[in-house]
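Here is a short report on one chain. Look at the sequence and the fold first, then read on.

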Amino acid sequence: MSTRIELAPEVFDDFDRFFDYIAQFDVGSAPERIEEILQAVQILATSPLIGRPVKGGKRELVIGRASRGYIALYRYAASIDTVFVLAMRSQRERGYKRNR
């Protein structure tokens, strides 16, 4: 049985921000990049503790690298076997856009 993955509504705002940024340089690749991120997050369905631990009981999943690199902030609730993806950011961004 796979771990359930839930995306917080704010994650879609993060995707919009990525989309807008990517569109400035290569509009055609933006949907592909978002799809790559979503596919990478699916690893959490079988390995929810794969991300590096961060404060507050959260974890970060590193996706890709360099200009194509992103980080997903998430919390794994073992009692209900669910991963809650709380925020996303580019590896080049200093922090998450919302206080998580």
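Thr-3 is buried, at a relative accessible area of 8%. The model is predicted. Thr-3 sits in the segment before strand E1 (4–7). Its side chain makes a polar contact with the side chain of Asp-81, at 2.8 Å. Setting aside neighbours within four places in sequence, Thr-3 also touches other residues, among them Leu-44, Pro-48, Tyr-76 and Val-83.

| Residue | Relative accessible area |
|---|---|
| Thr-3 | 8% |
| Phe-18 | 5% |
| Tyr-70 | 5% |

Next, the aromatic rings. The count comes to 3 aromatic pairs. In one of them, Phe-18 and Tyr-70 are tilted, with 4.7 Å centre to centre and 50° between the planes. This pair links distant parts of the chain. Phe-18 is in helix H1 (residues 9–26), Tyr-70 is in strand E4 (residues 70–77), and 52 residues separate them. Ring pairs join Phe-12, Phe-15, Phe-18 and Tyr-70 into a cluster.

Now the nonpolar core. The largest one has 18 residues. Those with the most contacts inside it are Phe-18, Ile-37, Ile-63, Val-85 and Met-88. At least two residues of this core come from each of H1, helix H2 (30–41), strand E3 (58–63), E4 and strand E5 (82–90). In soluble globular proteins, nonpolar side chains tend to be buried together.

What is Val-85 in contact with, leaving aside its neighbours within four places in sequence? Its contacts include Ile-5, Leu-7, Val-11, Val-41, Ala-72 and Tyr-74.

Terms used. Residues numbered from 1 in each chain as written. Predicted model: local features only at pLDDT ≥ 70, side-chain atom pairs only at ≥ 80, totals over all residues. Heavy atoms only, no water. Phe/Tyr/Trp six-rings, centres within 6.5 Å; stacked < 30°, edge-to-face > 60°. Helix = DSSP H or I, 4+ residues; strand = E, 2+ residues; numbered from the N terminus. Buried < 20%, exposed > 50% of the residue type's maximum accessible area, 1.4 Å probe, protein only. Core = buried A, V, L, I, M, F, W, Y, C linked by side-chain atoms within 4.5 Å. Contact = heavy atoms within 4.5 Å. Polar contact = N/O pair within 3.5 Å; in protein donor to acceptor, adjacent residues only side chain to side chain.
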